[in-house]
Amino acid sequence: MKEIIIVLLFVVGVALAAKSGSCPDSSGMIGICVERCSSDDDCVGSQKCCSNGCGHTCQKPTTVRSSTSKPGRCPKISGFGTCVEMCSSDSDCSGSQKCCSHGCGHSCQTPKPLTCLYNDITYQSGDSFKSSDGCNTCSCNDGMVICTLMACLSQPVS
């Protein structure tokens with residue numbers, strides 16, 4: 001049961017990470033200088049983490065594009081970056097780069113790979129491993145633990 005809950009938590013976390021749309025144009029805006037979010041994951045519903053001219057707040061997107069979120073997590077923010085919006089969604093970035101906050105704006109950055117935590121062990125995306133019941137197999141796929149759900153015999157059949 002614990003494994004199923006862990007899988008559901010990973011599914012929910014990945015589902016929330018993918019948000020589409022564009023932030024409102026913040027050029028000429030002067031907002032409060034507070035960081036209330038650092039990525040779309042911090043915002044409820046369809047809201048996105050957008051610049052308000054000085055800081056970042058959760059805001060309703062102005063346009064919704066059919067863009068997909070690229071795999072990986074944005075790097076943690078350390079300090080403040082320049083207050084320039086270089087991108088508004090992952091689709092604005094080339095290759096595997098993601099649109100991430102850098103402290104006061106957003107820029108295309110190389111993401112950290114998604115990992116999975118299962119029974120206090122961290123696995124890389126693509127890794128396969130035995131489940132805690134010893135008979136099913138699990139794998140780590142883009143931050144989600146997926147396990148087979150076969151019935152397990154407690155003792156071998158003689």
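How many aromatic pairs does the structure hold? The structure, a predicted model in which local features need pLDDT of at least 70 and side-chain atom pairs count only at pLDDT 80 or more, while totals for chains, interfaces and linings use all residues, holds two aromatic pairs. Residues are numbered from 1 along each chain as its sequence is written, and side-chain values use heavy atoms, with hydrogens and water left out.

Rings of Phe, Tyr and Trp (its six-membered ring) are taken to pair if their centres lie within 6.5 Å, with planes under 30 degrees apart counted as stacked, over 60 as edge-to-face and the rest as tilted. The ring centres of Y118 and F129 are 5.4 Å apart and the planes stand at 45 degrees, so this pair is tilted. Y118 lies in strand 5 (residues 115-118) and F129 in strand 7, eleven residues apart, where strands are DSSP runs of E of at least two residues, numbered from the N terminus. For Y123 and F129, the centres are 3.7 Å apart and the planes at 10 degrees, so the pair is stacked. Y118, Y123 and F129 together form one aromatic cluster. Y118 is buried (under 20% relative accessible area, with exposed over 50% and partly exposed in between, for a 1.4 Å probe and protein chains only); Y123 is also buried, at 15%, as is F129, at 7%.

Strand 7 (128-130) is also an edge strand, as is strand 9 (144-147), of an open three-stranded sheet with the order 7-8-9 and antiparallel pairing, two strands being paired if DSSP finds at least two bridges between them. Four bridges join strand 8 (residues 137-141) to strand 9, and C140 has V145 in strand 9 as its bridge partner.
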